[in-house]
Amino acid sequence: MTEPTAKKVIFSAVKPTGIPTLGSYAGALKNWVAMQDEYDCIYCVADLHSITVAMVPADLRKNTLDMLAMYLALGIDPEKCTLFVQSHVSAHAELAWVLNCYTQFGEAKRMTQFKEKSKKAPDNVNVGLFDYPVLMAADILLYGAECVPVGQDQKQHVELARNIAQRFNNRYSPTFVLPEPFMPKYGAKICGLQNPDKKMSKSDDNPHDCVYLTDDADTIMRKFKAAVTDSDASIKYDRANKPGISNLLTIYSVFAKVSVEQAEKEFAGCGYAQFKKRVGEAVCEFLRPVQAECRRILADKSYLQSVMKTGAEKAAYLARKTLSKVYRKVGFVQI
Ligand code: AMP
Ligand code: TRP
């Protein structure tokens with residue numbers, strides 16, 4: 001439960017722009033599950049963030065519920081955590097507005113993700129896309145999160161949140177907890193199966209690069225069979241010289257729940273074709289019960305509604321306390 005406790009607060013979110021991938025699990029969701037017993041965890045489906053790219057409304061509605069069901073199926077327990085949908089808690093948008101005024105145009109312009117996304121969709125470089133990291137800062141700072149489990153691509157955004165928090169605290173008085181990104185040693189950047197130098201992304205143009213958490217076993221096996229390797233025939237972790245093999249070893253380690261070193265030993269002397277098959281099988285084995293659970297949860301609409309309602313109430317209570325404090329400090333008149 002998230003009654004006031006002395007436990008360290010953790011916050012993270014994923015935006016429902018598509019189906020989560022092996023990368024979303026390895027970089028973020030795996031840690032979310034692992035942390036919930038020890039910490040006060042607050043997780044959300046970041047639907048406000050998702051409209052920074054063009055979204056069909058029916059897809060957004062479906063993705064939001066699918067994402068929530070996937071969190072639950074992976075083992076996020078709404079009894080232990082606060083689990084909610086971002087647009088259900090209006091304080092996120094409200095704090096983002098205030099934080100906008102404590103964020104420099106220049107620092108937001110330096111964000112790598114903004115530069116990349118602007119290049120990818122030059123006809124939709126909207127102000128929301130530019131403001132995306134400030135909304136993310138609001139998400140994190142509302143709950144006093146010390147630690148934010150994310151993949152490598154989000155590290156810069158969490159660092160910006162920390163800078164904004166520090167600036168606000170210096171200008172007024174200590175208000176926000178300074179957050180830090182938390183990334184796994186292996187798995188913070190899972191790469192594409194066809195392009196092992198590039199991050200695996202749920203919005204990828206090449207569907208063979210990317211394995212979705214909802215892919216069926218045949219599709220998964222086919223994608224791994226076609227994964228790019230190299231001509232060296234040794235199964236060793238060497239990110240610089242053997243990116244394809246290192247990526248596959250990392251995926252195996254995450255989904256078979258062994259260390260990368262153990263995986264290297266297990267596959268010593270094994271051929272590439274056999275290795276790729278074993279990695280695919282480990283992923284299928286992990287996902288089979290998760291997908292079945294996800295389908296079961298999705299069919300239970302009233303359960304999903306009750307999770308969203310309880311989560312929104314718990315989150316709104318906590319968020320409102322921070323927002324009131326901020327409004328007071330900046331000088332808004334209270335009624
Ligand atoms: P996304 O799926 O892009 O919305 O990201 C959701 C979370 O998963 C974020 O914390 C990302 O940093 C993380 N993530 C996404 N893709 C990958 C990847 N290929 N490798 C590691 N982490 C990732
Ligand atoms: N930007 C994150 C992503 O692309 C999602 C996100 C939104 C987030 N708000 C957050 C992650 C706050 C961590 C903390 O996946």
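A cavity is a set of grid points where a 1.4 Å probe fits but cannot get out, and its lining residues have an atom within 4 Å of a point. The exercises below apply to a predicted model.

**Exercise 1.** Find which residues line the largest cavity, and sort them by class.

*Solution.* 
Step 1. The lining consists of Gln113, Phe114, Lys117, Leu129, Tyr132, Pro133 and His157.
Step 2. At least two of the lining residues come from helix H6 (112–120), and at least two from helix H7 (127–141).
Step 3. Sorted by class, the lining holds 4 nonpolar, 2 polar and 1 charged residues.

**Exercise 2.** Describe the largest nonpolar core and state where its residues come from.

*Solution.* 
Step 1. The core has 61 residues; those touching the most other members are Leu22, Tyr43, Tyr71, Phe224, Ile251 and Phe275.
Step 2. Helix H12 (residues 272–299) gives the largest share, 11 residues.
Step 3. Domain 1 (9–183 + 301–330) and domain 2 (217–296) each contribute at least three residues to this core.
Step 4. A separate core of 43 residues also exists, and Phe11, Tyr132, Ala165 and Leu318 are among its members.

**Exercise 3.** List the contacts of Phe224, leaving aside neighbours within four places in sequence.

*Solution.* 
Step 1. Contact requires heavy atoms within 4.5 Å.
Step 2. By that cut-off, Phe224 is in contact with Leu22, Leu193, Val211, Leu248, Ile251, Lys276, Val279, Gly280 and Val283.
Step 3. Leu22 and Ile251 also stand beside Phe224 in the list of core residues that touch the most other members.

Conventions:
Residues are numbered from 1 along each chain as its sequence is written. Chains are lettered from A and ligands numbered from 1 in the order in which they are written. This is a predicted model: local features need pLDDT of at least 70, side-chain atom pairs count only at pLDDT 80 or more; totals for chains, interfaces and linings use all residues. Side-chain values use heavy atoms; hydrogens and water are left out. A nonpolar core is a set of buried Ala, Val, Leu, Ile, Met, Phe, Trp, Tyr and Cys residues joined through side-chain atoms within 4.5 Å. Buried means under 20% relative accessible area, exposed over 50%, partly exposed in between (1.4 Å probe, protein chains only). Helices (H or I, at least four residues) and strands (E, at least two) are DSSP runs, numbered from the N terminus. Domain bounds come from an automatic or database domain assignment. On a 1 Å grid over the protein atoms alone, a cavity is a set of points where a 1.4 Å probe fits but cannot get out, and a pocket is an open set with protein on both sides within 12 Å along at least five of seven lines; lining residues have an atom within 4 Å of a point. Ala, Val, Leu, Ile, Met, Phe, Trp, Tyr, Cys and Pro count as nonpolar, Asp, Glu, Lys and Arg as charged, and the others, Gly among them, as polar.
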